[in-house]
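Subject: Structure for your review

Dear colleague,

I am passing on the structure we spoke about, and my notes follow below it. Please read them with the coordinates open beside you.

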Amino acid sequence: MEVLNLSENRSLIALLAAILPLFSFVFLPASKKGGGANIALSTISLSFLLSLYLFFQIWNATPEHQQLHWFLIGNVQFYAGILLNNLTVLMMVLVSGISVLVHIYSREYMKNDPNIHRYWAYLGLFCFSMLGLVISDSLLLIYIFWELVGFSSYLLIGFWFSKHAASQAAKKAFIINRIGDLGFLSGIMIIYTQFHTLDLLEIFGEGGKISAAIIRDGLWLSGSQQMPMQWLTIAGFAFFLGAVAKSAQFPLHTWLPDAMEGPTSVSSLIHAATMVAAGVFLVARIYPVFDPLVLDVMVWIGAFTAFMAATIALTQNDIKRILAYSTISQLGFMVMALGIGAYSESIFHLTTHAFFKCLLFLAAGSVIHQLHHYSVKNSHEFDYQDIRLMGGLRKRMPFAFWGMCLASAALVGLPLTSGFLSKDSILIKAFEWAATRNGVFTILPWLMVLTSWLTAFYIFRLLFKVFFAESREIKEDKLVQINDSPIQMSYVLLILSFFCSFIVFSFNPISSEASWLWNGFKLLKIREISSYHWLLPLILNSGSFTIIFFSYRIYVQGKWTNPGERNLLYRFSKRGWYFNEIYNFLFIKSLEKLSLFTFQFDLTVIDGLVNRIATLTKRISLVIDWFDRTIIDGLVNALGLLSGYIGRFFRNFQTGRLQQYLMTMLLVMLSFFILSYLI
Amino acid sequence: MIPLSHFMLISAGLFCIGLYAVLTKRNAIQVLIGIEFMINAAVLNFVAFGRYDKISGGGQMFALFAIVLAAAGVAVALAIILNVYKYFKSIDPTKTNTLKD
Amino acid sequence: MDQEQIIFYFFAASVLISALSVVIMENLVRSIFLFFVTLFSLAALYLFALADFIALAQVVIYAGGVLVLMLFAFMLSNKELLNSLKPAASSFKFNNFAGILISLLFLLILFTVIVNTDFNQIAWMQQSVPINVADNTTHIIGIHTMTRYLLPFEILSVFLMMALIGAAHLARKGNKI
């Protein structure tokens, strides 16, 4: 039974790690209300331990790849299998690690919710699908888990489905994800047509089919199969579309702010750390398929998204929305990094972002939880997610404050944080890349620098408004009632804060090349310009500190008058660059009109036709009825009448009159005589 | 001698007259008279043929019998006519039609 | 044409004419009286057939019995009977026409048969022994009655008795049908 020997067969370990959270999904929905926390926590912890074991086995060792026959269509055999390489095990550890922390946190956060058994179940489903996504070895399997991840995201966003906004947001997320799935599926189909296989290693591995395929005479050739060369570009765009939807890039980013209707712990897990990273993960996995045109588009979309989201985050007032736009912005950074070829920087940033974004969300959740508690206890109705109503919580909630502080520093990329390593390396690479290009591409790195400064502004605005200054809602005396969140939530924040520092990733706080993570993925194609390595961080961080100082002056010391909310730029930013309104106008309204039209069409034409046919049938039946009654019955009745007539005729012979009888007799006799005489 | 056919012709004529009377008269007694005519015609026939039969004398014998029977018949018929009148209040044969359908 | 034939034809005509008159005449009494004439003429005809006893019997029984019976019955019945005997129908109704037709046809048939028969060729006619004028028919009838036709004679007497009883019973007073 060698296949079951766990120490030998790592794929099985990976499979087990992925399947364990599924048990929560399978068993918990039917459990009693309020139960299931322990099962969920134990399964995900076990999953994390297994992932950690695999990480130490596989990191920088030979990748493992195992397959089984899955199904046969005609002559074509499809396989299902597990691929374990650096990227896989890193993602496994990341996903399961953050899931464990979120599980512990949610235990306390969602404590009094009556539907908590459903929560654990859905969370289990999500973890299973995400882990399955990262260990899959064929595009088809990735697609299946991709869909499952989208589905569990839908379930979790709409967790409090009785709230209209939540169910709408869930629907929006799912539908927009679906658009991306269309792209992904088209990409799969193109790849399959060209290479007749969906296996990742075969296509994208070392010396795989895609690197063996050549473009010659306008045709994309691979073995005996050929296609016009545009299809390679189209495939690239198709896969990128999937990533755009999943990772909330422009133009399919509108679902992520609305997804904040879900519980905060869900937002931290899914919409900050893991699921939205799935898009970036996909691009990283199938990186060889993208040709230069697609990569350039990727760069621009990533950059634009980052800039746009940062500008929108400047004016938002809901604590979670600011963080949502921040996520979109950072994802834009990652996508842009992939576009310029900074593969390892992108993955590095994905990892560090997962930790500090998760910490940001959980700290915000902590604040929300305590304010909600306060609001209920004092029957003081206010929107406890609005940062304009918060303030002065620094002294009252130290864990949340220091956690958020560290995470914000990591987000901005201040020195001695993990974010410094990842983000600045991306920017350095961006400048190096721009140096090799010309024209409009040279403004791209400066755009990213501007975005970083905007990031500093908005995140510290959040920090200052929530923790410093005075609250407009809660007066000083009542403020003392607010304490820090329960210990389970707080020590999760502590653990995550540890991961925001540079120590975890590199022993050198300044250079990212020293990072073990960065060294796991060397895919360098960009010419290094060493002067950038010290110049850029200097420029960036000095700019960031200036901005932070300014925002301190504005928000804490109140030293600047607000230009007012009627300012055009303010409104533009506040309404998210009016994307929702544009989409509503372009797509929703016309769809509604179409559906109304088809409804009317169905009602008048189709139903009308059916009704007319029914009337026609009724009329025909009337005719047939007439025919039956008049002719058929008439015939039968006529026969009856005829016999009646004949009877009545012969009846008249019986007159009862003697002389007539006699006469009749004689007539007959006479006729006999005459006839016999004649004949 | 009178040829036989003469007698027979007379008898035929008398018979038909009697037949006419039976068929068309509206009075039961006149019907009875018609019947009598018919019987008399028959008797005449008997007698005419009886002239040729000396050995057995059947003709004349049966003529006698026929006459007697006719007389009896008339008597009974008259009694019947009386009763019919009592019941139907009329001796018109066309009025006695309760046996009609 | 000798005397015999003239007288015969006279009486034959008398029979037929009176018979016709009987059926044509409307007045019942007169028709019955004409019936008388018919009967008497018939008796005369019987004589020409050399059946003198029968002629006598005819006169006695028919003219003197039946006819008188009819007259009496007719006259001694109720007034209503007499009144109802006044017929209103004319002779030219359809029934009359049909009756005439049938009678004539019958007559035609009989005439055709009689005229077309050659009586001398019939076997029994040739073998027959006709009655002579000088024969005593009464004697012959008397003997035949008691020897050859005794059974019919007896039955006839019973029959007469039956008729008598029957008629008497039918015509009794208080006869409720």
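In chain A, residues 24 or more positions apart account for 79% of the contacts with a separation of 6 or more, where two residues are in contact if their C-beta atoms, placed from the backbone, lie within 7 Å. This is a predicted model, in which local features need pLDDT of at least 70 and side-chain atom pairs count only at pLDDT 80 or more, while totals for chains, interfaces and linings use all residues. Residues are numbered from 1 along each chain as its sequence is written, and chains are lettered from A and ligands numbered from 1 in the order in which they are written.

Chain A has 25 helices and five strands; helices (H or I, at least four residues) and strands (E, at least two) are DSSP runs, numbered from the N terminus. Of the 679 residues of chain A, 46% are buried, a residue being buried if 20 or more other C-beta atoms lie within 10 Å of its own, exposed if 12 or fewer, and partly exposed in between, with C-beta atoms placed from the backbone.

Two helix pairs in chain A are described here. The axes of α1(A), residues 10-27, and α2(A), residues 37-58, come within 9 Å and cross at roughly 165°, where axes are lines fitted to C-alpha atoms, for helices over the stretch in contact, and angles run from 0 to 180 degrees between N-to-C directions. That angle makes α1(A) roughly antiparallel to α2(A); angles under 35 degrees count as roughly parallel, over 145 as roughly antiparallel, 65 to 115 as roughly perpendicular and the rest as oblique. The contact draws on residues of α1(A) including A:I13, A:L20 and A:F27, and on residues of α2(A) including A:I39, A:L50 and A:I58. By class, the residues of this contact are 16 nonpolar, five polar and one charged, where Ala, Val, Leu, Ile, Met, Phe, Trp, Tyr, Cys and Pro count as nonpolar, Asp, Glu, Lys and Arg as charged, and the others, Gly among them, as polar. The crossing of α1(A) and α2(A) is left-handed, meaning that the near helix is turned anticlockwise from the far one by less than a right angle, whereas clockwise would be right-handed.

For the second pair, the axes of α14(A), residues 319-340, and α17(A), residues 418-436, come within 10 Å and cross at roughly 40°, which makes α14(A) oblique to α17(A). This crossing, too, is left-handed. Here A:F333, A:A337 and A:I340 in α14(A) meet A:K423, A:I426, A:K429, A:A430 and A:W433 in α17(A), and the contact has six nonpolar, no polar and two charged residues.

Some local backbone features of chain A deserve a look. Most residues other than glycine have a negative phi, and most peptide bonds are trans. In the loop between α9 (230-246) and α10 (255-258) of chain A lies A:P251, and a cis peptide bond, with omega about 0°, joins A:F250 and A:P251. The loop between α9 and α10 of chain A also holds A:A248, which has a positive phi of about 55° although it is not a glycine; A:A248 is buried, with 30 other C-beta atoms within 10 Å. A:Y578, in the loop between α23 (568-574) and α24 (579-651) of chain A, has a positive phi near 55° and is partly exposed, with 13 other C-beta atoms within 10 Å.

Turning to the other chains, 59 residues of chain B are in contact with 72 residues of chain C. On the side of chain B that touches chain C, α1 (4-24), α2 and α3 (58-88) of chain B each supply at least two residues, and α3(B) gives the most, with 21 residues. That side of chain B divides into 41 nonpolar, 13 polar and five charged residues. Within chain B, 21 of the 23 residues of α2(B) are buried.

Chain C has eight helices and zero strands, and 23% of its 177 residues are buried. The contact between chain C and chain A takes six residues from chain C and five residues from chain A, and the chain C side divides into five nonpolar, one polar and no charged.

With best wishes
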